[in-house]
Amino acid sequence: MLGGWPAGGIWLSTEPTDMRRSFDGLSALVATHLGENPASGRWYVFVNRRRTMVKVLGFEHGGYFVWAKRLEQGLFASPVALAPGRKSLSLSRTELSALLDGIDITVRRHRKRYPVPVAA
């Protein structure tokens, strides 16, 4: 996490996660539940059932990292409410920061932005 934001994106799991899981358990959850490669360079965000703890799993520079935040008061936003009927939700850096800061990130409409052309 010290290297900056991920190039591959940020994915939020919408189902509650057992926070006793660490590197191996979370990476297995990414592979089986989300069907993604945990070493892809993306960050995967998990919230517990009580919505008092968040863990972020990522892979950079040859190894995994797990970052955790536990609230002493209040709750994180409900991932299920953010993406009903889906296993995961793509987050922007702003949406992840808002989630971690306790701001409701319900987006009613995304504004159109200029996409940077990718060189072939």
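Start by selecting W43 and F65: both are buried (buried means under 20% relative accessible area, exposed over 50%, and partly exposed in between, with a 1.4 Å probe and protein chains only). You are looking at a predicted model, in which local features need pLDDT of at least 70 and side-chain atom pairs count only at pLDDT 80 or more, while totals for chains, interfaces and linings use all residues. Residues are numbered from 1 along each chain as its sequence is written, and side-chain values use heavy atoms, with hydrogens and water left out.

**Stop 1: the aromatic pairs**

Keep the two side chains on screen and look at their rings. A pair of aromatic rings is described by the distance of the centres and the angle of the planes. Here, rings of Phe, Tyr and Trp (its six-membered ring) pair if their centres lie within 6.5 Å; planes under 30 degrees apart count as stacked, over 60 as edge-to-face and the rest as tilted. That rule gives 2 aromatic pairs. In one of them, the ring centres of W43 and F65 are 5.8 Å apart and the planes stand at 85°, so this pair is edge-to-face. The pair links distant parts of the chain, since W43 sits in strand 2 and F65 in strand 4, 22 residues apart.

Now select F59 and Y64. Their ring centres are 5.0 Å apart with the planes at 75°, so this pair is edge-to-face. F59 counts as partly exposed because its relative accessibility is 25%, and Y64 counts as partly exposed at 33%.

**Stop 2: F46**

Go back to strand 2 (residues 43–47) and pick F46. Is F46 buried or exposed? Its relative accessibility is 0%, so F46 counts as buried. Next, show what surrounds F46. Contact means heavy atoms within 4.5 Å. Beyond its neighbours within four places in sequence, F46 is in contact with S13, T17, M19, L26, L29, V30, M53, V54, K55 and L57.

**Stop 3: helix 1**

Select residues 23–34, which form helix 1. Helices (H or I, at least four residues) and strands (E, at least two) are DSSP runs, numbered from the N terminus. The 12 residues of helix 1 reach 16 Å from first C-alpha to last, close to the 16 Å expected at 1.5 Å a residue; the expected span is 1.5 Å times one less than the number of residues.

Which residues of helix 1 are buried? Colour L26, S27, L29, V30, H33 and L34. They cover an arc of only 155° around the axis, so they lie on the same side of helix 1 (the arc is that of the directions from the helix axis to the C-beta atoms). An α-helix has 3.6 residues a turn, so residues three or four places apart point the same way. Turn the view to the other side of helix 1, where D24 and T32 are exposed.

To see what the buried residues of helix 1 pack against, show strand 1 (10–13), strand 2, strand 3 (53–60), strand 4 (63–70) and strand 5 (88–91). Then step past the end of helix 1 to G35, which has a positive phi near 70°.

**Stop 4: helix 3**

Move on to residues 93–101, helix 3, and highlight its buried residues: E95, L96, A98, L99 and L100. Their cover includes strand 1, strand 2, strand 3, strand 4 and strand 5. Just after helix 3, G102 takes a positive phi of about 85°.

**Stop 5: the salt bridges**

How many salt bridges does the structure hold? There are 3, a salt bridge being a side-chain nitrogen of Lys or Arg within 4 Å of a carboxyl oxygen of Asp or Glu.

- R20 and D18: the closest N and O atoms are 2.9 Å apart. R20 is exposed at 75% relative accessibility, whereas D18 is partly exposed at 34%.
- R42 and E36: the side chains meet at 2.4 Å, N to O. R42 is partly exposed at 23%, and E36 is partly exposed at 26%.
- R70 and E72: the N to O distance is 2.9 Å. R70 is exposed at 57%, and E72 is exposed at 65%.

**Last stop: the whole chain**

The protein has 3 helices and 5 strands, running β-α-β-β-β-α-β-α from the N terminus. Of its 120 residues, 34% are buried.
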